[in-house]
Amino acid sequence: MAAKVAFDGAAAAALVANLRASFASYKTRSYEWRVSQLNCLLKLATDHEAEIVDALSSDLSKPEFESLVYEIGMLKSACKLAIKQLKSWMKPEKVATSMTTFPSSAEIVSEPLGVVLIISAWNYPFLLSLDPVVGAIAAGNAVVLKPSELAPATSSLLSKLLGEYMDSSSVRVVEGGVAETSALLEQKWDKICYTGNSRVGRIVMASAVKHLTPVLLELGGKSPVVVDSGINLQVACRRIIVGKWGCNNGQACVSPDYILTTKEFASKLVDALKSELDKFYGKNPLQSKDLSRVVNFNHYARLTKMLDEVSDKVIHGGERDVNNLRIAPTILLDVPQDSLIMNEEIFGPLLPIVTVEKIEDSFDLINSGTKPLAAYLFTNNQKLKDHFVKNISAGGLVINDTTIHLAVPTLPFGGVGESGMGAYHGKFSFEAFSHKKAVVYRGYALDASVRYPPYTNGKLNLLKALVGGSLLGIIRALFRSSKA
């Protein structure tokens with residue numbers, strides 16, 4: 001067997017040079033190329049569902065249901081929307097001009113950025129790899145995709161399938177780990193999209209700064225769930241459970257990280273959660289086929305370290321199977337605020353419940369930390385809803401459900417502060433990888449001399465009125481000028 005050729009800085013530079021040559025040929029800018037590549041992505045996902053499901057099972061023991069709906073289904077939906085809307089997205093946007101430039105017309109033209117790098121995550125390794133690619137291609141860019149090495153089966157499959165289905169002169173995949181990613185980050189890109197944790201996000205951003213490259217960072221954080229009393233508790237608990245454990249067993253950037261509720265209501269909430277968990281995953285959840293495993297031993301050890309520190313606070317679950325990298329859905333009550341589990345993103349099947357005296361107190365606790373990628377509120381109180389929306393800063397908010405905002409293509413998906421910067425999904429994906437170019441059109445008629453030297457007070461007064469947009473001021477300036 002031939003030795004694998006190392007992908008180093010020289011290889012990365014050559015790859016970028018080839019893609020820049022392809023982009024410079026203008027081929028990726030055409031509607032025909034863009035829509036053909038989007039159709040290829042859609043066909044790829046349709047033709048190879050079984051292989052994708054198998055790869056996700058190998059990497060994460062991800063249930064087929066979750067793979068088909070949350071990875072393959074959502075990618076297909078993104079492709080179909082982009083194909084349907086692409087002409088309207090590409091169409092220049094006519095905008096009004098001002099009296100200052102009369103007579104003139106103006107428009108905003110969306111143009112591709114150039115050659116972009118997409119570094120994806122291991123937790124949704126199919127969707128989070130290709131969803132940004134949809135936006136990058138729709139916008140007319142050449143693309144390099146770097147899948148996560150922590151999901152090796154999916155990474156290998158993506159490399160194989162994109163090589164078979166996509167235009168390799170403009171869309172490439174680079175597999176590998178830290179060395180390959182570092183070689184890619186040494187290069188000059190026109191945008192970098194990274195999905196993952198904030199530690200690596202800082203490395204990506206530091207590399208981008210050297211070339212003044214813009215970044216789209218999809219990070220994470222501790223996404224809270226505030227649970228008020230007087231709600232449909234069974235429905236609320238089902239929605240919390242499916243958002244937590246039904247999304248890759250808590251290994252999702254928008255999964256509920258912890259619950260906030262009142263001391264008075266906590267026992268009812270706990271009982272309802274226990275009851276619904278038993279219905280969903282049985283009395284022995286470690287054997288459930290409807291729960292993903294922890295991705296690898298390092299993450300398993302990280303989670304068990306969190307759990308061991310507050311093991312006396314476990315009120316449900318806590319069972320472990322190190323050989324199969326499984327941890328049962330676990331609920332903890334009143335964990336200390338200075339504990340590890342309350343100061344790091346959990347990203348796993350552990351769910352602490354923090355109690356407060358009044359439900360309004362939960363908002364202060366949320367705002368005392370970094371801004372999360374998502375925040376959730378269950379209540380029937382309209383004032384509480386309004387207060388939550390007005391005062392909680394997060395990437396996205398959902399009232400009376402969890403995680404479903406990701407399925408709304410007319411909403412941007414992205415973080416704020418430590419949870420990320422930039423957003424994509426739907427048209428926002430197209431815009432994330434486009435430059436909005438300002439264009440003004442003028443003819444040669446009505447060439448007013450007011451802006452040309454020699455400068456006079458009359459010209460100054462008229463220009464001040466024009467720039468200020470005051471019709472009355474313009475009339476006054478013209479009247480004074482006529483009398484001068």
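**Figure 1. Strand E15 and its parallel partner E16.** Strand E15 (residues 374-378) runs parallel to E16, and 4 bridges join the two. This is a predicted model: local features need pLDDT of at least 70, side-chain atom pairs count only at pLDDT 80 or more, and totals for chains, interfaces and linings use all residues. Residues are numbered from 1 along each chain as its sequence is written, and side-chain values use heavy atoms, with hydrogens and water left out. Strands (E, at least two residues) and helices (H or I, at least four) are DSSP runs, numbered from the N terminus. Two strands pair if DSSP finds at least two bridges between them. Leu377 has Ile399 of E16 as its bridge partner. Ala375 is bridged to Leu397, also in E16.

Figure 2. E15 is mostly covered, with 5 of its 5 residues buried. Buried means under 20% relative accessible area, exposed over 50%, and partly exposed in between (1.4 Å probe, protein chains only). Which residues form the covered face of E16? They are Gly396 and Val398. The uncovered face of E16 holds Leu397 and Ile399.

**Figure 3. The open sheet of 7 strands.** The strand order is E10-E13-E14-E9-E8-E15-E16, with mixed pairing. Strand E10 (314-316) and strand E16 (396-399) stand at the edges; each has a single partner strand, so one side of each is left without a neighbour in the sheet. Neighbouring strands of this sheet are turned by 25° against each other on average, direction ignored. Axes are lines fitted to C-alpha atoms, for helices over the stretch in contact, and angles run from 0 to 180 degrees between N-to-C directions. Strand E8 (residues 224-227) runs parallel to E15, joined by 3 bridges. Val227 has Phe378 of E15 as its bridge partner.

**Figure 4. Helix H11 across the sheet.** Helix H11 (residues 297-309) lies across E10, strand E13 (330-333) and strand E14 (350-356). H11 runs at about 35° to E14.

**Figure 5. The pair of helices H3 and H6.** Two packed helices are described by the angle between their axes and the distance between the axes. How do the axes of helix H3 (residues 49-60) and helix H6 (residues 152-165) cross? They come within 7 Å and cross at roughly 150°. H3 and H6 are therefore roughly antiparallel to each other. Angles under 35 degrees count as roughly parallel, over 145 as roughly antiparallel, 65 to 115 as roughly perpendicular and the rest as oblique. H3 contributes Glu51, Ile52, Ala55, Leu56, Ser58 and Asp59 to the contact. H6 contributes Pro152, Ala153, Thr154, Leu157 and Lys160. Contact means heavy atoms within 4.5 Å. By class, this contact has 6 nonpolar, 2 polar and 3 charged residues. Ala, Val, Leu, Ile, Met, Phe, Trp, Tyr, Cys and Pro count as nonpolar, Asp, Glu, Lys and Arg as charged, and the others, Gly among them, as polar.

**Figure 6. Helix H2, end to end.** The 17 residues of helix H2 (residues 31-47) should span 24 Å at 1.5 Å a residue; the end C-alpha atoms are 24 Å apart, which agrees. The expected span is 1.5 Å times one less than the number of residues. The buried residues of H2 are Trp33, Arg34, Val35, Gln37, Leu38, Leu41, Leu42, Leu44 and Ala45.

**Figure 7. The antiparallel sheet around E2.** An open sheet of 3 strands has the order E1-E2-E20, with antiparallel pairing. Strand E1 (93-95) and strand E20 (434-441) are the edge strands, each pairing on one side only. The twist averages 30° from one strand to the next. E2 and E20 run antiparallel and are joined by 8 bridges. Ala106 stands opposite Val440 in E20.

**Figure 8. Surroundings of Glu111.** Glu111 is placed in strand E2 (residues 105-112). Leaving aside neighbours within four places in sequence, Glu111 is in contact with Arg29, Ala139, Phe433, Ser434, His435 and Lys437. Glu111 and Asn18 are 93 residues apart in sequence and 20 Å apart in space, C-alpha to C-alpha.
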